[in-house]
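Here is a short briefing on one protein model. Look at the structure first, then work through the points by topic.

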Amino acid sequence: MKDNVKRVFYVRYVAHPCYLDIIAQRPEIRLDKLENETAEEVTRPIMAAAHAYQIGSARDELNPRFYVQRDLLARMPNLLIVSTNGAGFDTVNVKDCTDAGVLVVNQTGGNAEAVAMQVIACDPYLNEQTIAARGAVKVTLDELLRRADFVSINCPLDEGTRGMIGAREFALMQPHAYFITTARGFIHDEGALAEALRAKQIAGAGLDVWDKEPPAAEHPLLQFDNVIASPHTAGMTREARANMGRIAAEQLVMTLDGKRPPRIVNPQVWPAYAERFEQAFGFRPQG
């Protein structure tokens, strides 16, 4: 007979206390909390038994030893689900999870009301009709860079977007255009942006994300009068935190109940994941 206890752990914090309240309503779910400094002899058995990992998506708030990548996955043979606290998944290697048959879900949309922007859109995952229904026009990245007065980057960081905006892309922008990013560090080349500003290729920049957060006071980009910087908290209103906490808990519960979650980052893993889920709990997930 399969063990009915479903093991979940997190490190340091969850998006909002409501996450803990929702999980507490399910007596079959055991939730463990670890800290960045928790000793290895304590973390080892908790992680080895875990079916789900609720992970923070801010790189600088999580000890790298808890990033989800191949070596960590090898220590968690029972892991089925990695659930991020927000829309981003910087601390998760999605390919390694897919190779291991582990489902990755995020909380995209949870803080949408707190972050504004409508633009002509370049999105490889949405067709023209879907983008039009959302009030925008689908264009290529080069066309967007050439046409836009304000270029706003809002995509997740992955192997496809890392280094996506560099010297070539800044050179395509109009001299009166502004570059804005509320996405993740490493998507744009900070050195290339500084050079584009120095050469007056673009009019200015609004930066909410950095390769290292927070950036040093002497960071070159902070020396420009035409750069506005913010601390990567635009989507962190009280309401957004509560919404993401609720979404994260509800999505994790429904996934552990054997239902298909709505915010899957790696849908191609579903067949392998479903087989591993059935081995763990004795029934196959829906979908």
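**Salt bridges and overall picture**

The structure holds 19 salt bridges. This is a predicted model. Side chains of opposite charge can pair when their charged atoms come close.

- Asp 257 and Lys 6 form a salt bridge, and their closest N and O atoms are 4.0 Å apart.
- Asp 257 sits in the loop between helix H9 (238-256) and helix H10 (270-281), while Lys 6 sits in strand S1 (residues 6-11), so the pair ties together parts that are 251 residues apart in sequence.
- Is Lys 6 buried or exposed? Lys 6 counts as buried, because its relative accessibility is 7% and the cut-off for buried is under 20%.
- Asp 257 is partly exposed, with a relative accessible area of 27%.
- The pair also belongs to a network of salt bridges that links Lys 6, Arg 26, Glu 28 and Asp 257.

**A pair between two helices: Arg 70 and Asp 96**

- Arg 70 forms a salt bridge with Asp 96. The closest N and O atoms of Arg 70 and Asp 96 are 2.8 Å apart.
- Arg 70 lies in helix H3 (residues 70-74) and Asp 96 in helix H4 (residues 94-99). The two residues are 26 residues apart, and the pair links distant parts of the chain.
- Arg 70 counts as partly exposed, at 48% relative accessibility.
- Asp 96 counts as buried, at 10% relative accessibility.

- The side chains of Arg 246 and Glu 250 meet in a salt bridge, at 3.1 Å from N to O.
- Where do these two residues lie? Arg 246 and Glu 250 both lie in helix H9, four residues apart, which is about one turn of the helix.
- Arg 246 counts as partly exposed, with 32% relative accessibility.
- Glu 250 also counts as partly exposed, with 37% relative accessibility.

**The sheet**

- Strands of a sheet pair through backbone hydrogen bonds, either parallel or antiparallel.
- Strand S4 (residues 81-84) pairs with S5 in the parallel sense, over three bridges.
- Ser 83 has Val 105, in S5, as its bridge partner.

- Thr 43 is in helix H2 (residues 40-49).
- Thr 43 is buried, because its relative accessible area is 0% and buried means under 20%.
- A polar atom of the Thr 43 side chain lies 3.2 Å from the backbone oxygen of Glu 40.
- Leaving aside neighbours within four places in sequence, Thr 43 is in contact with Leu 34, Thr 38, Arg 65, Phe 66 and Arg 75.
- Ala 133 is in helix H5 (residues 128-133).
- Ala 133 is exposed, because its relative accessible area is 69% and exposed means over 50%.
- Ala 133 and Ile 120 are 13 residues apart in sequence. In space, Ala 133 and Ile 120 are 12 Å apart, C-alpha to C-alpha.

Note on methods:
Residues numbered from 1 in each chain as written. Predicted model: local features only at pLDDT ≥ 70, side-chain atom pairs only at ≥ 80, totals over all residues. Heavy atoms only, no water. Buried < 20%, exposed > 50% of the residue type's maximum accessible area, 1.4 Å probe, protein only. Polar contact = N/O pair within 3.5 Å; in protein donor to acceptor, adjacent residues only side chain to side chain. Contact = heavy atoms within 4.5 Å. Pairing = 2+ DSSP bridges.
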